[in-house]
Amino acid sequence: MASPKLTEQLGYLIARTNRLIEDDLTRRLQANGIAVDQYRVLKSLEEEGPLPMGRLAERVLVEPATLTKIIDRMVREALVFRVPDEKDRRKVRVALSSSGVAMCRQLEAIGADHERHIAEVFGTLELGNVRRVLSDLGS
């Protein structure tokens, strides 16, 4: 069996789709001055509470060094703060500040609109299938 052309390869199709989805979310977040990575940090902390930097980097899909820069900026913007881990004082957890919680509330409609847009593009049934397949690939 011959290899598919580049633009038909699964990795290419996933990367292209990811770019289109992230571009849409970026446009929606711009008015609030929030980048996609910052949005992921806020949503992760909102969903899970304070997280160690390593776990947060995994959730946000960035390298730990990149996350440090993101968190530094978010600390300066008073969206999050660092707190020593209760069990191991050498480790640091990141938590939402009250401003971060308020920003999460502000971004809730943006995230919902973005997801609705994706559902319209894919169709609800197809989107469910895509989510299932991609989730299975990651586990």
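Glu47, Glu48, Arg55, Glu58 and Arg59 are joined in a network of salt bridges, a salt bridge being a side-chain nitrogen of Lys or Arg within 4 Å of a carboxyl oxygen of Asp or Glu. This is a predicted model, in which local features need pLDDT of at least 70 and side-chain atom pairs count only at pLDDT 80 or more, while totals for chains, interfaces and linings use all residues. Residues are numbered from 1 along each chain as its sequence is written, and side-chain values use heavy atoms, with hydrogens and water left out.

Arginine 59 counts as partly exposed because its relative accessibility is 28%, where buried means under 20% relative accessible area, exposed over 50% and partly exposed in between (1.4 Å probe, protein chains only). Glutamate 48, at 34%, is likewise partly exposed.

A further salt bridge joins aspartate 85 and arginine 93 (3.1 Å, N to O). Here aspartate 85 is buried at 7% relative accessibility, whereas arginine 93 is partly exposed at 26%.

Glutamate 115 and arginine 131 also form a salt bridge, at 2.6 Å from N to O. Their positions are in helix H5 (residues 98–122) and helix H6 (residues 124–138) respectively, 16 residues apart. By the salt-bridge rule, the count comes to 15.

Note on methods: Helices (H or I, at least four residues) and strands (E, at least two) are DSSP runs, numbered from the N terminus.
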